[in-house]
Amino acid sequence: MRSASDEQGHGWPSRCSWIFFGHAIPILILLPQLLGILETENLDKARVNWNKNSRKCDSNKKPILKVYMYDLPSEFHFDLLGWKSVGKKNVWPDIRAEVPEYPGGLNLQHSIEYWLTLDLLSSEFTENLNFRSAMRVNNSSEADVVFVPFFSSISYNRGSKVKPGQKRSTNVILQEKLVNFLTAQEEWKKSGGKDHIIVVHHPNSLLDARMKLWPAMFILSDFGRYPPTIANVEKDVIAPYRHVIRSYVNDSSDFDSRQTLLYFQGAIYRKDGGIIRQELYYMLKNETDVHFSFGNFQKDGAKQASKGMQSSKFCLNIAGDTPSSNRLFDAIASHCVPVIISDEIELPYEDVLDYSEFCIFVRTSDAVKDNFLLNLIRNIGKEEWTRMWRRLKEIEHFYEFQYPSQENDAVQMIWQAISRKVFAVKREIHRVRRFSRTSFPRERALRSVSVPRNFVDSSFEP
């Protein structure tokens, strides 16, 4: 494995810079003499050498994000999946021999920290780093960011109930331990936590600790249950859900073969912004070319949804209890053009990806107008729909979580999104240090803030 020092660091002159100056300065100084005495043959050789160096620079131009990952005790991560470590020093499973499986069903949609952790672990023994966007380093002083491997979503899903003999739930206890651990680390103290990465993808995960760990960069599904002082698009990263229906492999469908115009299957009666689902249900339920019905993941729910989406031209993604849902990513996997009705939604990678090329966006206020939605959708013809369908097939791999990770899949795209935040994080850390010699010590990371109205709502469903 290459050491982090072999990789090009952020903010430093590249090898291309030194090669340029190494060639350019002597040439400029001796240019008159060179023009007079160099033969054509020698000039050709010089061009060849320059071209070789240029190609070498290009091949190393893509920097790799250097990530320091804490060796947290296994109770914070793989123990939650049923894996048991042997001895205190054996924190991580040997993923070269066997990879612990993540629980199935709807648990999978928020499994983001699992895939990122696997990718960092595998970077230690993978020789080919060409497609990788991040690699683990063993010295925090060499790192761009610090990753916290707490499986917060499965901790919420499986550890929130107080078990017999417990006074507090496992989820609450782990969050308390995590805060104590992080705030005691020198890495946290140096940056105030600003260069730390914590995955909190389930809307209800890290409920108790997020107000204390908020300086860190959160990896989220949306900002629906966060005040803007705790989570926002400038500081944090939006990651996709892992889709729960199967991908549409070898899709040979077309506009005419997908006979359902508009498809929705899911929970209809929701709170907050999700109230619009009820209104749309009563508006659309009797339309012959629209499928709008209640459904869930139980029994054959996923199979039915997969079949329905793959035979539909457009798939509704409507706000629920929070602005986002897994339905958008199920639609992408099905090559069913998403129709997004969620005014507060934030989308993964939107700084580098134009969603208007493969999604239809409708304001909530417009969607509830008589015939507005259906007229809009029915006016999209075969040519325009086919263009969007083809674009869906081009970008679907950006949303695929898998191990081993592949080039530009969801894991690599998330690391790239984090990497694009690094310069802003470093700038903020440096700004805070301006008056460090004259300021009184204070715990900036533990300030309290107001709690949003729906912050502790535990009835979340996708």
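Modeller: In this predicted model, six strands make up an open sheet with parallel pairing, and their order is 2-1-3-4-5-6. The edges are formed by strand 2 (134-137) and strand 6 (237-238), each of which pairs on one side only. Strand 1, residues 65-69, pairs with strand 2 in the parallel sense, and four bridges join the two. One of the contacts can be named: Leu65 has Ala134 in strand 2 as its bridge partner. In general terms, the strands of a sheet pair through backbone hydrogen bonds.

The structure holds one disulfide, formed by Cys315 and Cys336 with their sulfur atoms 2.1 Å apart. Cys315 belongs to strand 9 (residues 312-318), while Cys336 sits in the loop between helix 11 (327-334) and strand 10 (337-341), so the bond ties together parts 21 residues apart in sequence. The torsion about the S-S bond is about 105°, and the disulfide is therefore right-handed. Buried here means under 20% relative accessible area. Cys315, at 1% relative accessibility, therefore counts as buried, and Cys336, at 0%, counts as buried too. Cys359 is also buried, with a relative accessible area of 3%.

Finally, the structure holds one cavity of 30 Å³ or more. The volume of the largest cavity is about 50 Å³. Its lining comprises 13 residues, and Ser324, Leu328, Phe329, Ile345 and Glu346 lie nearest the centre.

Note on methods:
Residues numbered from 1 in each chain as written. Predicted model: local features only at pLDDT ≥ 70, side-chain atom pairs only at ≥ 80, totals over all residues. Heavy atoms only, no water. 1 Å grid on protein atoms, 1.4 Å probe; cavity = no way out; pocket = protein on both sides within 12 Å on 5 of 7 lines; lining within 4 Å. Points joined across faces, edges and corners; volume = space filled by probe spheres on them. Pairing = 2+ DSSP bridges. Disulfide = S-S within 2.5 Å. Buried < 20%, exposed > 50% of the residue type's maximum accessible area, 1.4 Å probe, protein only.
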